[in-house]
Amino acid sequence: MTNRILVVPDVHGRLFWKEPVMKYLDDVDRVVFLGDYLDPYEDEDGVADDIYQNLMEIIALKQENMEKVVLLKGNHDQHYASERFEELAGGTRMDQQNWNKYHQAFVDYKNLFKIAHIETINALPYVFTHAGLTLYWLKKVNDIIWQLPDNLVSIDNPTIIERINQLDDDGKGQDMLAIIGTYRSWFGEKTGSVLWADIEEHAIPNTPKAYGLNKVFQVFGHTKLNKDYDKLEFDNFAMIDSRQCFMIDERMKDRVVPLKDYQFM
């Protein structure tokens, strides 16, 4: 049973992950990184001198703690990992000068990364992804690739989470991962993929009533919060892209707690 999870949102070359991970690594059941390890923002403090080395340290952490550490990918990772994704949906701040080096890292360590991860705390499934799962995107994936009866597509089912991970191995899967929504592109679809969905695209009415979206609590990043906010939390999800780590602890009333507000018990 999982009792305590340390969550690391979008890294973007920053160093904020290091101290909390080293402090709590032995005391948590899981450490989940939500992706976007590369492509730092300009003029931001707390960024590593060597972005590649920062990524490699995170990879080394995973290699040394294979069962405990989960590395998810974001759009700023996938546009280096997959040439097909880069062609369809390469994002801003892509480092063309270092593209080959970053690409090789994701090729060499592909088996260390996932797209989605599920855990259960206090009988509630928590689903971790970079940008969150939306009804529109799940339906499109099912219609084009899985072609399952709708009642068998539920994201509280680990088998469906594994199907989402398998999209990273398929040509059509990359096409699905590369879908961008209208909040991120003039030519976007209704909502973006698990790597691209904007927080506004999770606010479309009535979406939590299908595909198990009302049966889980989603945790994701991707939409950078301004410094006045730690998180945006609703009944079925929390968006936590705020340059700090979070704790999920079965003994806490709040589902996701900024580490600065967390007291170890």
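I began at the start of α2, where a side-chain oxygen of Asp50 comes to within 3.1 Å of the backbone nitrogen of Tyr52. I note here that the model is predicted.

**Entry on α2.** I looked up the extent of the helix: α2 covers residues 51-64, 14 residues in total. From first C-alpha to last I read 20 Å, close to the 20 Å expected at 1.5 Å a residue. Next I asked which residues of α2 are buried. I found Ile51, Asn54, Leu55, Met56, Ile58, Ile59, Leu61 and Lys62. An α-helix has 3.6 residues a turn, so residues three or four places apart point the same way. I then looked up what the buried residues of α2 pack against, and the partners are α1 (18-24), β2, β3, α5 (99-108) and β4 (113-114).

**Entry on salt bridges.** How many salt bridges does the structure hold? I have 17 on record. I went through three of them.

I took Arg4 and Asp249 to begin with; their closest N and O atoms are 3.2 Å apart. Are the two residues buried or exposed? Arg4 has a relative accessible area of 8% and Asp249 one of 2%. Buried means under 20%, so Arg4 counts as buried, and so does Asp249.

I moved on to Arg30 and Glu119, whose side chains form a salt bridge at 2.4 Å, N to O. Arg30 belongs to strand β2 (residues 30-33) and Glu119 to strand β5 (residues 116-121), and the two are 89 residues apart. I noted that both Arg30 and Glu119 are buried.

I then checked Asp168 and Lys73, which meet in a salt bridge at 2.7 Å, N to O. Salt bridges with shared partners join Lys73, Lys110, Asp168 and Asp169 into one network. Both Asp168 and Lys73 are buried.

**Entry on the sheet.** I traced an open sheet of five strands, ordered β5-β6-β7-β9-β8, with mixed pairing. β5 and β8 (232-233) stand at the edges with a single partner strand each, so one side of each has no neighbour in the sheet. I looked at one pairing inside the sheet: β6 (residues 124-129) and β7 (residues 217-220) run in the parallel sense and pair over three bridges. In this pairing I found Tyr126 opposite Phe217 in β7. I also noted that α7 packs on the sheet and touches β5 and β6, its direction making about 160 degrees with that of β5.

**Entry on Gly173.** Where is Gly173 placed? I found Gly173 in helix α8. Its relative accessibility is 0%, so Gly173 counts as buried. Setting aside neighbours within four places in sequence, I listed Ile145 and Leu167 as the contacts of Gly173. I also looked up Gly173 against His222: they are 49 residues apart in sequence and 20 Å apart in space, C-alpha to C-alpha.

Definitions and conventions
Residues are numbered from 1 along each chain as its sequence is written. This is a predicted model: local features need pLDDT of at least 70, side-chain atom pairs count only at pLDDT 80 or more; totals for chains, interfaces and linings use all residues. Side-chain values use heavy atoms; hydrogens and water are left out. A salt bridge is a side-chain nitrogen of Lys or Arg within 4 Å of a carboxyl oxygen of Asp or Glu. Buried means under 20% relative accessible area, exposed over 50%, partly exposed in between (1.4 Å probe, protein chains only). Helices (H or I, at least four residues) and strands (E, at least two) are DSSP runs, numbered from the N terminus. Two strands pair if DSSP finds at least two bridges between them. Contact means heavy atoms within 4.5 Å. Axes are lines fitted to C-alpha atoms, for helices over the stretch in contact, and angles run from 0 to 180 degrees between N-to-C directions. The expected span of a helix is 1.5 Å times one less than its number of residues. A polar contact is a pair of N or O atoms within 3.5 Å; within protein, one must be able to donate a hydrogen and the other to accept it, and residues adjacent in sequence count only if both atoms are side-chain atoms.
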